Amino acid sequence: MSQLFSKENKEIFSSPLNLNNPVTVQVLGICSALAVTVQLEPAIVMGLSVTVITAFANVIISLLRKTVPNRIRIIVQLVVVATLVTLVSQVLKAYAYDVSVQLSVYVGLIITNCILMGRLEAFAMQNGPWASFLDGVGSGLGYAWILVAVGFVRELFGAGTLLGIQVIPDVCYEWGYANNGMMTMPAMALIIVGCIIWATRAINDKK
Amino acid sequence: MNTNSNGYTIGYAAVMVIIVAFLLAFVSSVLKPTQDKNVELDKKKQILAALNQRGLEKDSIEATYEALVKSDLIINEDGSVKAENGGFNEKNDLVVYVCEVEGAKKYVFPVTGKGLWGGLWGYIALNDDFQTVFGVYMSHESETAGLGSVIAEEKFQKKFDGKSVFAEGDAEHVALTVVKAGKVANDAVEVDGITGATLTCNGVAAMVNGGLQQYVNFFNVNK
């Protein structure tokens, strides 16, 4: 057990959460961060779906890495990702229909999420399954927490709700507070992501 | 083993594709019944929402639908009935759901239209005078979040309740429509639109107006 959670493995897991975050440092997966973060719930589901898919795709590719012909390795990676995405999308349709309607095409578009291909090519092709699994979960969660943070801000200020429940009391609206329509626009997601990048860099530079 | 030879590469790709194909086909056929059930339940939920039965628990949708919706007619353009049942799964012909809420007959008419970015659809429930709107449900594929997407909210749909389908003295042309926010002139047939979502509201107006217009013959036959 001690080997499974050695210092190196812990670092593989934790670095994408902060120091090497796929969104704020590598600036990958921005498109979906704009699309699904108007509300908190789809952001959470999207984050979890991507985490599950990166983790398993990493494990599968890592297991196959010695057999994959070099010339078609990208195709093999794509097929693995596409298969997993289709599976997740089917499962969502069967067991979380409302959420799958909300996410609509964006579940399918996980296939094109650069984080996945990036991790497969850069990490899983060179490392063992367990390290790859940790890297996948770490990268997925690193992406997920940004999505949740952006979704939190956008839903709170854009609609005055969180997870569909009103949190800003009616009194505030009577006193002249208004929801910020800008927050519901994709452009605002970029600005919030920019602010998160700014904040995380400022903090990390000080260390 | 040489993993870079042509034979290996082709063999690898072929085996991989076959495995993936079987896996996906298997999962798809296992989950299909559950997914179809969800789609069906969702449609029933929407029809019930038009009858102002909202916020139902998943388990009670089926029972409520059975209790309220008496038949799903398929009708011809001249308003005559083509089939007494089977409208629920009909895709091309006009469909009318005959319902009964608290002893009063209601008719639900499915309508479809075009929004700003994608398709719109909805269900309009009328009283049996074919003049007063009992309730409306509508939704959209991809209208702008926070602006056009407001049409899917109950608050907007409630504005239709009690409106009239026809203006006074004209029982041939549907007058019910949505106008620009704050420009309501004739309160009986005009619904206040959404600020910042004029194009979506125009789509809703065309859908509601044009959709009901298709059923005018049916109204006249059954009045």
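Predicted model: local features only at pLDDT ≥ 70, side-chain atom pairs only at ≥ 80, totals over all residues.
Local features need pLDDT of at least 70 and side-chain atom pairs count only at pLDDT 80 or more, while totals for chains, interfaces and linings use all residues. Residues are numbered from 1 along each chain as its sequence is written, and chains are lettered from A and ligands numbered from 1 in the order in which they are written.

**View 1. Antiparallel strands in chain B.** Strand S1 (residues 69-75) of chain B runs antiparallel to strand S3 (residues 94-101) of chain B, with 6 bridges between them. Strands are DSSP runs (E, at least two residues), numbered from the N terminus; two strands pair if DSSP finds at least two bridges between them. B:Val69 has B:Cys99 of S3(B) as its bridge partner. S3(B) also pairs with strand S4 (residues 104-114) of chain B, antiparallel, over 5 bridges. Here B:Cys99 stands opposite B:Lys106. The hairpin of S3(B) and S4(B) has 2 residues between the strands, and B:Glu102 takes a positive phi near 50°.

**View 2. The largest nonpolar core.** This core holds 50 residues. A nonpolar core is a set of buried Ala, Val, Leu, Ile, Met, Phe, Trp, Tyr and Cys residues joined through C-beta atoms within 7 Å. A residue is buried if 20 or more other C-beta atoms lie within 10 Å of its own, exposed if 12 or fewer, and partly exposed in between, with C-beta atoms placed from the backbone. A:Ile53, A:Ala57, A:Leu84, A:Leu147 and A:Val150 touch the most other members. Helices (DSSP H or I, at least four residues) that give two or more residues include H3 (40-64) and H4 (73-95) of chain A. H3(A) gives the largest share, 12 residues. Not counting residues up to four places away in sequence, A:Ile53 touches A:Val81, A:Leu84, A:Val85, A:Val88, A:Ile110 and A:Leu116. Contact means C-beta atoms, placed from the backbone, within 7 Å.

View 3. H10(A) has 21 residues and reaches 31 Å from first C-alpha to last, close to the 30 Å expected at 1.5 Å a residue. That expected span is 1.5 Å times one less than the number of residues. A:Met188, A:Ala189, A:Ile192 and A:Val193 are buried. Down the axis of H10(A), the buried residues fall within an arc of 140°, so they line one face. The arc is that of the directions from the helix axis to the C-beta atoms. These buried residues pack against H2 (30-35) and H8 of chain A. Exposed residues on the other side include A:Trp198, A:Arg201 and A:Asp205.

Methods. Contact = placed C-beta atoms within 7 Å.
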